[in-house]
Amino acid sequence: MRKHDLEDSHAFEKTDRPRRSRRARFDDEPEPTRGGRLTEAERVRLARLREDAYTETAIPGGGDRWSTWDEAEHGPHPRPDWVITELAAVDTELGILKTGKEADVHLVRRGLPDTEGTVLAAKRYRSGEHRLFHRDAGYLEGRRMRRSREMRAMESRSSFGRNLIAEQWAVAEFTALSRLWTVGAPVPYPVQRDGTEILLEFLGDGETAAPRLAQVRPEPGQLRELWFQTAAMLELLATQGLAHGDLSAYNLLVHRERIMVIDLPQVVDIVANPGGLEFLARDVRNIATWFHSRGLPERLTAVPELIEELREIAGLR
């Protein structure tokens with residue numbers, strides 16, 4: 001038997017075994033295994049899609065695919081009652097919400113045939129075709145991977161390395177969302193992760209997404225309330241030793257008068273990352289500048305004092 005035949009056989013045996021769910025440690029979370037130019041998880045996911053295309057003549061109810069719940073990593077408990085876990089459910093694509101440099105966000109309805117179902121946001125990271133992830137080097141500081149071959153592939157931006165980075169970002173964001181949702185942070189509930197796709201609670205009404213903070217024009221009283229909510233969110237992240245890493249009015253939503261945080265793949269461990277404190281200070285300055293531009297007095301944001309307070313909360317004084 002030829003070498004690559006043996007490798008294919010071994011890969012089949014691996015994917016055929018029951019999956020064990022293990023919650024990864026945050027500072028060492030992304031360790032996808034390799035299978036050629038794709039990570040093994042992505043290879044399995046694509047193989048499953050090809051198999052479905054050949055074996056299924058039609059998805060019930062006009063859906064685009066069967067639910068991927070059974071193959072995915074699941075969100076934390078207690079699980080919201082709107083999460084659909086039935087394997088007979090189907091996913092229907094409703095359109096695209098947002099395109100970005102690293103990922104696109106789609107609107108998906110999951111439900112049993114002939115039921116209303118639940119609308120979800122599907123964030124899909126680009127993998128092999130992605131040329132370069134936005135400023136990833138600084139954010140990856142402090143995140144460890146045990147395999148030096150994988151680290152070299154990521155640094156060289158080989159095809160496999162780009163795919164690995166995409167999956168690493170997906171794992172990092174899903175892990176951060178799970179951790180933050182568990183401690184009560186204002187983030188969407190992370191339903192599942194399957195390879196480079198994350199399904200999230202959809203923040204909006206019907207199929208209309210909640211507006212970004214940058215899109216709202218709050219009255220003075222609401223502006224102050226939104227700032228206090230934002231400062232409280234930053235304090236909660238600091239209790240976990242984290243900074244958003246890229247905070248702006250474009251990755252905060254105003255959902256039913258509440259600030260909600262999105263776009264967390266680059267979340268920074270401010271203790272392990274050598275530049276962690278600068279990321280923290282930059283987050284505060286960036287978002288405070290937006291509030292100043294809308295008329296909030298600088299005496300209310302008290303940026304230097306807030307940065308020092310966050311450092312103290314994180315245990316870095």
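What is the mean pLDDT of the protein, and what share of its residues reach 70 or more?

## Confidence of the model

The mean pLDDT (the predictor's confidence in each residue, from 0 to 100) of the protein is 82, and 71% of its residues reach 70 or more. Over residues 6-25 the pLDDT falls below 50, and this stretch has 13 contacts (heavy atoms within 4.5 Å) in the model beyond near neighbours in sequence. For residues 129-135, where pLDDT stays under 50, the model has 17 contacts beyond four places in sequence.

This is a predicted model, in which local features need pLDDT of at least 70 and side-chain atom pairs count only at pLDDT 80 or more, while totals for chains, interfaces and linings use all residues. Residues are numbered from 1 along each chain as its sequence is written, and side-chain values use heavy atoms, with hydrogens and water left out.

## Aromatic pairs

W181 is partly exposed at 22% relative accessibility, whereas Y189 is buried at 1% relative accessible area (buried means under 20%, exposed over 50%, partly exposed in between, with a 1.4 Å probe and protein chains only).

W290 and F291 also form an edge-to-face pair, at 5.1 Å centre to centre and 90° between the planes; W290 is buried at 10%, and F291 is buried at 0%.

Notes. Phe/Tyr/Trp six-rings, centres within 6.5 Å; stacked < 30°, edge-to-face > 60°.
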